[in-house]
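Please open the model in your viewer and keep the selection tool at hand. The tour goes from one selection to the next, and at each stop there is something to look for.

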Amino acid sequence: MELISRTPDGPIEKSWDKHRFDLKLVNPSNKRKYKILVVGSGLAGAAAAATLAELGYEVECFAYQDSPRRAHSIAAQGGINAAKNYQNDGDSIFRLFYDTVKGGDFRAREANVYRLAQVSVNIIDQCVAQGVPFAREYGGLLDNRSFGGAQVSRTFYARGQTGQQLLLGAYQALERQIGLGKVKMFNRHEMQELIVVDGVAKGIIVRDMVSGKVTSHTADAVCLATGGYGNVFYLSTNAKGCNATAVWRAYKKGAAFANPCYTQIHPTCIPVTGDHQSKLTLMSESLRNDGRIWVPKKKEDCGKPANQIPEEDRDYYLERKYPSFGNLAPRDVSSRAAKQVCDEGRGVGPTRLGVYLDFSDAIKRLGAKKIEEKYGNLFEMYERITDENPYEVPMRIFPASHYTMGGLWVDYNLMSTIPGLFVLGEANFSDHGANRLGASALMQGLADGYFVIPYTIGGYLAGIKPGTRISAEDPAVKAAEQSVAERTQRLISIGGKQTPTHFHRELGKVMWEHCGMGRTEAGLKKALEIIPQIREQFWKDVCVPGSGQELNQSLEMAGRVADFIEIGELMCRDALERRESCGGHFREEWQTEEGEARRDDENFCHVAAWEYKGEGNTPQRHIESLKFENVHLATRSYK
Amino acid sequence: MEKHLNLTLQVWRQKDATSEGTFVEYAAKHISTEMSFLEMLDVVNEDLIHKGEDPIAFDHDCREGICGMCSMVINGRPHGPKERTTTCQLHMRSFSDGDTITIEPWRAKPFPVLKDLIVDRGAFDRIIAAGGFVSVPTGSPQDANALPIPKLNADLAMDAAACIGCGACVAACPNASAMLFLSAKVSHLGLLPQGQPERYSRVRDMVGQMDAEAFGTCTNHGECEAACPKGITLETIARMNRDYIKASLTYRPEAVGGAAG
């Protein structure tokens with residue numbers, strides 16, 4: 001396997017323009033002869049499906065939810081970055097590029113990140129034109145706020161519901177194309193297999209989640225926009241249904257999986273209350289603009305109510321350790337700092353796995369009304385879940401699995417190592433390196449969907465003769481259908497004693513402990529022993545009631561968990577091989593005296609992409625070297 | 001403080017869209033008040049699987065009150081007893097030890113039951129597809145700040161845009177009307193300058209689709225507003241009615257022009 005990044009040469013400011021010009025075009029009257037499948041309907045998927053249909057391609061879009069509007073992009077709260085420099089505070093495309101490369105701890109591809117920063121400005125224009133009700137100033141112009149890890153105000157937001165509003169914008173554009181008959185939408189359909197003919201992606205197999213019917217869809221190109229694999233940890237901020245089955249099928253068919261160990265643990269989530277916990281709820285990190293994070297200085301104070309701990313006995317540890325960024329330190333740094341103080345026994349709340357996020361100073365300074373205006377819905381949500389009023393007592397927060405920077409490897413055109421298979425949004429690995437900055441996921445999803453794939457897929461399709469799609473009767477299609485049917489049958493017929501959730505929880509515990517915020521060689525090796533045991537147990541003892549020919553949520557869950565177990569193993573393998581600390585990947589053996597991540601640029605300034613080598617064989621690790629010609633490799637410092 | 005409850009559930013079970021449904025009683029024991037309502041159902045389901053029975057099917061996804069997927073009528077109220085709270089955000093501390101809880105799917109003709117508590121809300125998507133958008137192909141817009149929008153209008157548009165499309169308004173309405181859902185979108189886009197060119201065709205087309213889907217008409221009960229987890233107000237319906245009347249009075253069939261060149 002060869003990893004050819006197809007990154008354009010020349011000055012980075014011109015590379016996307018030049019590349020776009022160099023891409024071949026598809027004749028307008030030929031576009032309708034090409035069929036493109038888009039799997040997933042979140043920001044990346046909906047934006048891509050709508051835009052490709054506008055261009056004239058025949059598009060089919062698939063979602064596991066009952067409507068494209070429910071994709072988990074909808075839950076993003078804080079905002080979307082764009083280098084508009086509306087606030088005149090020194091922002092620019094180059095600065096957004098610089099911040100993103102640095103924030104990713106120098107493990108992203110420069111050219112991709114530059115393109116992302118460039119098209120960020122178009123995204124805002126597009127969204128406003130669609131009617132996205134971004135926050136505005138009294139003069140009627142758009143408002144901005146600063147967001148985790150940035151020293152300029154470049155984040156556009158719609159209260160605490162930015163993801164919802166951006167997704168509804170893309171969803172409405174998609175529904176318009178559905179209404180016009182240009183996109184055929186398949187709700188409640190889950191991708192089960194990728195069809196590959198002579199090494200080229202030619203379609204997918206899906207299961208209708210209502211009838212259980214398995215059908216094939218053949219096409220000229222396939223786009224996966226299926227999100228991340230954060231649910232490997234069982235407890236995460238992902239939706240319950242978020243899964244990695246589509247990317248895992250693609251991996252097993254030859255798509256390289258890049259940097260699986262790069263996962264983001266978000267610092268501000270509501271702490272776990274007990275074993276019944278099914279997911280974790282994020283509190284937008286925009287709260288860190290006005291909230292101050294602290295724990296008691298003394299262990300013995302941890303059980304006391306917060307307001308009985310005097311100011312001098314509080315440790316505002318982020319402000320202390322990182323005076324210039326303070327409470328806005330990047331996510332990986334903040335999460336680790338929270339873990340550290342809890343490990344020291346200074347955590348708060350019933351489980352002692354929590355730190356305070358305190359608004360009392362901000363309420364004194366700005367008044368409760370202003371705070372309500374900014375964060376009202378978040379405060380409400382917090383109170384609904386915890387039964388505590390954050391206007392009166394500080395919130396309690398703790399880190400949780402949130403986002404996965406790793407994903408299928410893609411070239412500059414967003415094409416995977418399987419020709420014809422494109423990967424968009426969180427599902428690919430491309431732009432965030434080892435750590436994603438706040439408000440950058442929405443930016444990347446929409447950039448890929450609205451402004452990158454519509455160009456690059458044309459360059460690919462222009463090289464394919466129109467009307468050469470394989471038929472549904474092709475042996476490759478039949479074989480793929482067969483393998484899906486067999487897998488379903490296998491899951492149903494085990495008839496064991498444990499529920500799919502049981503195994504998911506077991507896996508989550510192992511991953512959180514050994515492949516979470518702190519990783520060690522010994523821990524990862526241990527995880528690599530336990531996970532295959534979980535897998536073996538799963539295939540022996542899982543219980544899936546009902547049949548494959550009906551709406552069967554246990555079956556859906558079981559299929560996803562089976563894949564998570566395998567991904568977990570690959571994550572640990574990748575984490576073990578990456579003998580350095582960078583961004584979200586913190587190997588405890590590689591830290592500075594102050595406990596900060598220590599990169600090893602000499603040996604690990606590269607992307608690690610894993611190639612599947614068949615059942616029972618160790619996957620092969622390939623590397624794509626990263627060059628930093630515009631942002632010089634430096635140690636990240638937020639002090 | 002965490003407490004534990006023993007509850008009796010009366011749950012609507014229905015094998016599929018064509019089968020008859022019925023209520024089935026289940027005991028939910030030792031339920032922590034810290035659990036969400038869906039987590040309580042998870043516990044009951046785990047138990048059912050262990051007993052070799054078919055678990056209760058219900059729609060859910062984000063579990064943080066924003067995706068709009070969860071949909072159940074709890075003790076006669078869509079999303080349960082707590083105001084402005086979706087089922088997934090409802091916590092068991094809202095119930096007392098010994099309670100009997102009735103759980104049903106949304107009941108409305110345009111939302112057929114698919115299984116147990118799961119219904120088909122495809123009609124909502126079709127209403128949006130009929131006109132709930134601004135026709136703006138990717139790549140064509142002007143600079144985002146070229147068109148200032150008064151803060152009040154932007155805020156009111158956001159209030160309406162907060163709709164999560166869950167369908168509680170329809171489930172609560174004695175007529176199964178979709179007016180609150182529809183008017184939220186009409187208001188959101190109608191309050192913004194970007195939505196003006198299609199303002200009147202939008203409302204006409206969306207109402208046309210709503211009628212075609214066999215939703216009932218609005219008779220001003222206000223049940224929808226009370227059930228809405230996102231606080232969409234009846235004011236949006238008033239706004240929509242105004243636009244609809246104007247749209248009906250000023251309707252002109254589209255001019256058919258010849259192709260240029």
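Across which strands of chain B does α1(B) lie? Before selecting anything, keep in mind that this is a predicted model, which scores ipTM 0.97 and pTM 0.97. Chain B has an average pLDDT of 96, and 97% of its residues score at least 70. Now select α1(B) together with the strands around it, and you will find that α1(B) lies across β1 (4–13) and β2 of chain B, running at about 105° to β2(B).

**The sheet in chain B**

Next, show the five strands of chain B that form an open sheet, and follow them in the order β2-β1-β5-β3-β4, where the pairing is mixed. At the edges stand β2 (22–32) and β4 (77–78) of chain B, and each has a single partner strand, so one side of each is left without a neighbour in the sheet.

Then select β5 (residues 100–104) of chain B and look at its pairing with β3 (residues 73–74) of chain B, where the two strands run antiparallel and are joined by two bridges. The pairing of β5(B) with β1(B) is parallel, with four bridges joining the strands. Which residue of β5(B) is the bridge partner of V11(B)? Select V11(B), and its partner in β5(B) is I103(B); I103(B) also has I74(B) standing opposite.

**The two domains of chain B**

Colour chain B by its domain assignment, which gives domain 1 (4–114) and domain 2 (121–135 + 148–256). The centres of these two domains of chain B, taken over C-alpha atoms, are separated by 29 Å. Where they meet, domain 1 of chain B gives 18 residues to the contact and domain 2 of chain B gives 17 residues. On the side of domain 1 of chain B that touches domain 2 of chain B, eight residues are nonpolar, six are polar and four are charged.

**The domains of chain A**

Now colour chain A by its domain assignment, which gives domain 1 (28–262 + 405–461), domain 2 (266–401) and domain 3 (475–604). Between domain 2 and domain 3 of chain A, the centres lie 30 Å apart, taken over C-alpha atoms, and six residues of domain 2 are in contact with six residues of domain 3.

**A pair of helices in chain A**

For the last stop, select helix α13 (residues 475–494) and helix α16 (residues 553–577) of chain A, which pack at an angle of about 110° with their axes 10 Å apart. The helices α13(A) and α16(A) are therefore roughly perpendicular to each other. Show the side chains where T488(A), L491(A) and I492(A) in α13(A) meet L555(A), A558(A) and G559(A) in α16(A). The residues of this contact are four nonpolar, two polar and no charged.

How values were computed: Residues are numbered from 1 along each chain as its sequence is written. Chains are lettered from A and ligands numbered from 1 in the order in which they are written. This is a predicted model: local features need pLDDT of at least 70, side-chain atom pairs count only at pLDDT 80 or more; totals for chains, interfaces and linings use all residues. Domain bounds come from an automatic or database domain assignment. Two residues are in contact if their C-beta atoms, placed from the backbone, lie within 7 Å. Ala, Val, Leu, Ile, Met, Phe, Trp, Tyr, Cys and Pro count as nonpolar, Asp, Glu, Lys and Arg as charged, and the others, Gly among them, as polar. Two strands pair if DSSP finds at least two bridges between them. Axes are lines fitted to C-alpha atoms, for helices over the stretch in contact, and angles run from 0 to 180 degrees between N-to-C directions. Angles under 35 degrees count as roughly parallel, over 145 as roughly antiparallel, 65 to 115 as roughly perpendicular and the rest as oblique. pLDDT is the predictor's confidence in each residue, from 0 to 100.
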